[in-house]
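User: Hi! Could you walk me through this model when you have a minute? I'd like to start with how the strands pair up.

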Amino acid sequence: MMIKLWFFLLLLFLSVFGNAQQTTGQKVSDSLAQQKPPTTNISEVVIQSAPRRIKLNDGNLTMAVSGNKDFKTSTHLLDVLRKTPGVTVDQEEGIFIGGRETPAIFIDGKPIVMSNQELQAYLRSLSPEMVESIEVNTNPSSKYDAEFKGIIDIKLKKNTNLGWKGSYNGNVYAYKFNSRENTLNITYNTEKVAYSLQAGYNDGISVYRYNALQRLANTNVMRTRTYQEDQIKVYSIQAGADFRLNDKNRLSLNLRGNFRDIDRMRLGSLYTTDKSETQLVFNTENENPMYYFQNNYGITTDYSFQNKGFKISFLGNYLSVKNKQQDDFINKDKPSSAVLSYWKSDLVNKIDIYTGQIDASQKIGDAEIEAGLKYSQSNTHNNMRYDTLSVNNQFVFDPGRTNLFSYKEKIVAGYLAYKQKFGKLQINAGLRFENTNSISDAVTVDSIVSRNYLEWLPSFSANYTFNKSNEFSLAYSRKITRPVFSQLNPFRYYFSPLNYWMGNPYLQPSFTSQVRATYRYKNWITSFTVGKEKDVMTRYPRYNPKTNVLEYLGTNLPYRNFAVLETSFPVKITKWWNITSQITGYYNYEFRPYLDQVFTLGIYNYEIRVNQVFTLPKGYTINLFTNYESKTGNSLYIIKPRYSIDLSIQKSWLDNKLNTKIGYNNIFDTYDQKLEFRYKQIIDNQFRHWWDNSRFFFSLSYSFGGSKYQAKETQRTDEENRAR
């Protein structure tokens, strides 16, 4: 409470400071009018376009990060992405564009092949000062993998120095529990080789809560409560070498490891009463202690040759992920503490991914022809054994819950692309083929599903530059989304003894066709996307009125239509006050067969984000970020509106070598998610997810070293990333 009170006092200071400045607003307006282009006066406050830090690159939004006031108080790159137009980061740090699409993450034009957990840890290790720019590609061409419905390309700042240079980044978060993040970066440059090393250690405790209210078919009322506490330790190391063989040849090698340990305690209860909620029917509690670790090992090698207008490159990746998890599930009658059921599980999950791609391009005048071939292979093996406590107080093998499942996938792909510029107009056209061969083997249920299919995926875009202030682009693409391992595995993932979800090995891939138009006027960017997705992969609830079990199963919907309208614009109110606003509207129409009925419903919703930056005397920067999400959902569920407010302060010291930040995220703890089933006659339930993202933070970064060497920029590649 004291921390929140401190921030309220700070907000009061900003209000007083703003009023004091407004009393001299006319003088400020007069002086600015003499120095700047024509402006519009509104209540003595000058509104004018902020300095340009946004541009379009082939229709893709590109935003500067390092030195950008909007990101000065951000602790890491995930925080930067939350404030980037067109990008959403949810409460579990999932990254989305267009409302629901998960983009591929590129670093300096190269995809990073990592598991989801390793990727999140890596993005948290990058401070804004380490990033030159971010490019958001919401409609990738046929040059890229067909599963890439979006790409976020992160351009890192280069070490331009001979000799060594380093930086330390540390973040501390405090709420009920504390967590810490530490990253050390060191680079060493010679005339021919650039070496890099990154080491990190994160630890702390995170909390998640789940509450549900369900009115059962027998008219009883059941309340579910879950409390989950994770003690997490993450170790990471990454080493790389970039060899500048000569002016035409370049070779790089990167090795990395990421190791995660989690001790989890999940406590839950099922409290059931009669319809009047006065008579107790049953009251059970459950304990689910778990130990989990994940080991990631990755290797990336990149070779490129460039001579005049010709370029050829090779990119190879290998990723190995091993997951091991041990659980106990103990269900008791709460009044008597009698054990109702007790089972144990032991999971070993192994994933190996191999990818290799060759790209070549040739410039011919104002035209460029590109072509490439790619091969990828992924092997996933899942072995989970269950043992159940018998009436003789001995654990015996449980074949009903035990799961042995493997999935193998091979993809052979190629593309041909053509690009040419006609004065102010640039045209891009491409065609990609992808042949997929997959086999899933659910040994425990004796089910083998084999698929082999070939798809042709075209793309086209046109970009017209009227002048430095005006650009327009139009793009079309066809994409494919393949089901991932967790969606295919017919295994029960338990939330509570009466609630679980399971995969479907018969899921089909989905196909999306979309058109996107983008217009930029100075720093004001507006885009409109419309499209259709066929064979949409989703989950649906199925309730058993006899056992009261609620399960979530995977299926394909016939289709959905969607549209997204986005606009973002920065406004400079005064010399010390800048505002960047983002407004996004969504439309989603699903055709959903469900329980012998067809549900069709058009859903409209919107999101508003406002990022305010106050530049104060003596080098202090204050950031106030607000986010509002309206009521939304799908044809079955309603998702209630929510909002969050963040406040942070930044200050640099020691000639900008030392950077400190302090703040409070989600000040009012209002970013929980509440859902409700639309059709009470089928399932009458509502539930709430809560995450501990309301917390105080302190961030410190320090840079050291220096010299005079300009390193050659890493050349762009187009490899893909399907680490699951």
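**Strands, cores and rings**

Analyst: Happy to! Strand 13 and strand 38 run antiparallel and are joined by 8 bridges. Keep in mind that this is a predicted model.

User: Which residue stands opposite glutamine 214 in strand 38?

Analyst: That is asparagine 685.

User: Is asparagine 685 buried or exposed?

Analyst: Asparagine 685 is buried, with a relative accessible area of 4%. Leaving out residues up to four places away in sequence, asparagine 685 touches Leu213, Gln214, Leu550, Tyr552, Tyr637, Glu676, Phe677 and Lys680.

User: And how does strand 37 pair with strand 38?

Analyst: Strand 37 and strand 38 pair in the antiparallel sense, over 4 bridges. The two form a hairpin, with 6 residues between them. Across that pairing, leucine 675 stands opposite phenylalanine 687 in strand 38.

User: Nice. Let's go to the cores. How many residues does the largest nonpolar core have?

Analyst: The largest nonpolar core has 34 residues, and Tyr594 and Phe677 are those with the most contacts inside it. The strands that each supply at least two residues of this core include strand 13 (193–215), strand 28 (524–544), strand 37 (673–677) and strand 38 (684–691). The largest share of this core comes from strand 29, with 4 residues.

User: What is phenylalanine 677 in contact with, leaving aside its neighbours within four places in sequence?

Analyst: Phenylalanine 677 is in contact with Pro541, Tyr594, Leu636, Tyr637, Ile682, Ile683 and Asn685.

User: OK, aromatics next. How many aromatic pairs does the structure hold?

Analyst: The structure holds 37 aromatic pairs. One of them is tyrosine 464 with phenylalanine 466: the ring centres are 4.7 Å apart and the planes are at 70 degrees, so this pair is edge-to-face. The cut-off behind that label is an angle over 60 degrees.

User: How accessible are tyrosine 464 and phenylalanine 466?

Analyst: Tyrosine 464 is partly exposed, at 33% relative accessible area, and phenylalanine 466 is also partly exposed, at 40%.

User: What about tyrosine 493 and tryptophan 501, what kind of aromatic pair do they form?

Analyst: Tyrosine 493 and tryptophan 501 form a stacked pair, 4.4 Å centre to centre with 15 degrees between the planes. Tyrosine 493 counts as partly exposed, at 24% relative accessibility, whereas tryptophan 501 is buried, with a relative accessible area of 17%.

User: Why does tryptophan 501 count as buried?

Analyst: Buried means under 20% relative accessible area, so tryptophan 501 qualifies with its 17%.

User: Which residues form one aromatic cluster?

Analyst: Tyr210, Tyr540, Tyr594, Phe599, Tyr637, Phe677, Tyr679 and Phe687 form one cluster.

User: In what order do the 6 strands of the open sheet come?

Analyst: The order is 3-4-9-10-7-8, and the pairing is mixed. The edge strands are strand 3 (54–57) and strand 8 (110–111), each pairing on one side only. Strand 9 (residues 131–137) and strand 10 (residues 151–156) pair in the antiparallel sense over 6 bridges, and glutamate 135 stands opposite aspartate 153 in strand 10.

User: Last one, the overall picture: how many helices and strands are there in the chain?

Analyst: There are 5 helices and 39 strands. Of the 724 residues of the chain, 55% count as buried. The chain exposes about 33,000 Å², with carbon and sulfur atoms supplying 58% of it.

Key. Residues numbered from 1 in each chain as written. Predicted model: local features only at pLDDT ≥ 70, side-chain atom pairs only at ≥ 80, totals over all residues. Heavy atoms only, no water. Phe/Tyr/Trp six-rings, centres within 6.5 Å; stacked < 30°, edge-to-face > 60°. Buried < 20%, exposed > 50% of the residue type's maximum accessible area, 1.4 Å probe, protein only. Core = buried A, V, L, I, M, F, W, Y, C linked by side-chain atoms within 4.5 Å. Contact = heavy atoms within 4.5 Å. Pairing = 2+ DSSP bridges. Areas by Shrake-Rupley, 256 points an atom, 1.4 Å probe, with all protein chains shown as cover.
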